[in-house]
Amino acid sequence: MRTIKIRRWTKRLKCSQNIRNCMIKSLPGAKIKNQMSKRPLRVEYSAGGIVFRRTRNEPEIAFISDSYKKWTFPKGRMKSGESVALAAVRESEEELGLKGLRPLKRLGGIDIWFVDRYEHKGDLVHKFIEYVLLQAPLGAQLKKPARSKRGEIIHGVRWVPISAVLRFS
């Protein structure tokens, strides 16, 4: 892992409009010397899926209950050279227990800050997450995954009708 000394980190993922061509441009998990604090600062790149399935009544959106017991969308780290779409499909299938997800459209990204509780305990993490709209096959059923080797926990998985998403999340 390489160490970088910087004052302000502003680089974003560089992506074309085609979600399949959006590649990670630098090493995931690059460690940065944080000049503002004694904690090591890590930068991570993740991809996530907003997964939906069609039903007779209305579309439903898939949620996971994460290690903080918050209902959120599935996401996970991108591998070096992996496209956003492929990473979103891989992570969503792993965390929701689904197969055959189809990427439809890149939705944009967010960034979050948190203190790592699992892999590099105590490190401050700045995570950039790119989301992709994914369609699940007809009749898809969610399955809660077993606990991962990294110690991250998914407490539950659930389909939520689109009309209830804002009240649910």
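## Exercises around strand S4

S3 (41-53) and S4 (60-65) run antiparallel to each other and pair over two bridges. Strands here are DSSP runs labelled E of at least two residues, helices are runs of H or I of at least four residues, and both are numbered from the N terminus; two strands pair if DSSP finds at least two bridges between them. This is a predicted model, in which local features need pLDDT of at least 70 and side-chain atom pairs count only at pLDDT 80 or more, while totals for chains, interfaces and linings use all residues. Residues are numbered from 1 along each chain as its sequence is written, and side-chain values use heavy atoms, with hydrogens and water left out.

**Exercise 1. Find the strands that pair with S4, and a residue pair for each.**

Step 1: Turn to S9 (residues 156-161), which pairs with S4 in the antiparallel sense over six bridges. Here Val 157 is the bridge partner of Ile 64.

Step 2: Finish with S5 (residues 71-72), antiparallel to S4 over two bridges. Ser 65 stands opposite Trp 71. Five residues lie between S4 and S5 in their hairpin, and Lys 69 in the turn has a positive phi of about 60°.

**Exercise 2. Decide whether the two faces of S4 are buried or exposed.**

Step 1: Sort the side chains. Glu 60, Ala 62 and Ile 64 point one way, and Ile 61, Phe 63 and Ser 65 the other way.

Step 2: Apply the cut-offs: buried is under 20% relative accessible area, exposed is over 50%, and partly exposed is in between, with a 1.4 Å probe and protein chains only. Six of the six residues in S4 are buried.

**Exercise 3. Describe the largest nonpolar core.**

Step 1: Recall the term: buried Ala, Val, Leu, Ile, Met, Phe, Trp, Tyr and Cys residues joined through side-chain atoms within 4.5 Å. The largest such core has 22 residues, and Val 51, Leu 98 and Trp 159 are among those with the most contacts inside it.

Step 2: Name the contributors. S3, S4, helix H1 (84-96) and strand S8 (124-135) each give two or more residues, and H1 provides the largest share, five residues.

Step 3: Look for another core. A second, separate one of 10 residues includes Ile 61, Ile 129, Tyr 131 and Ala 164.
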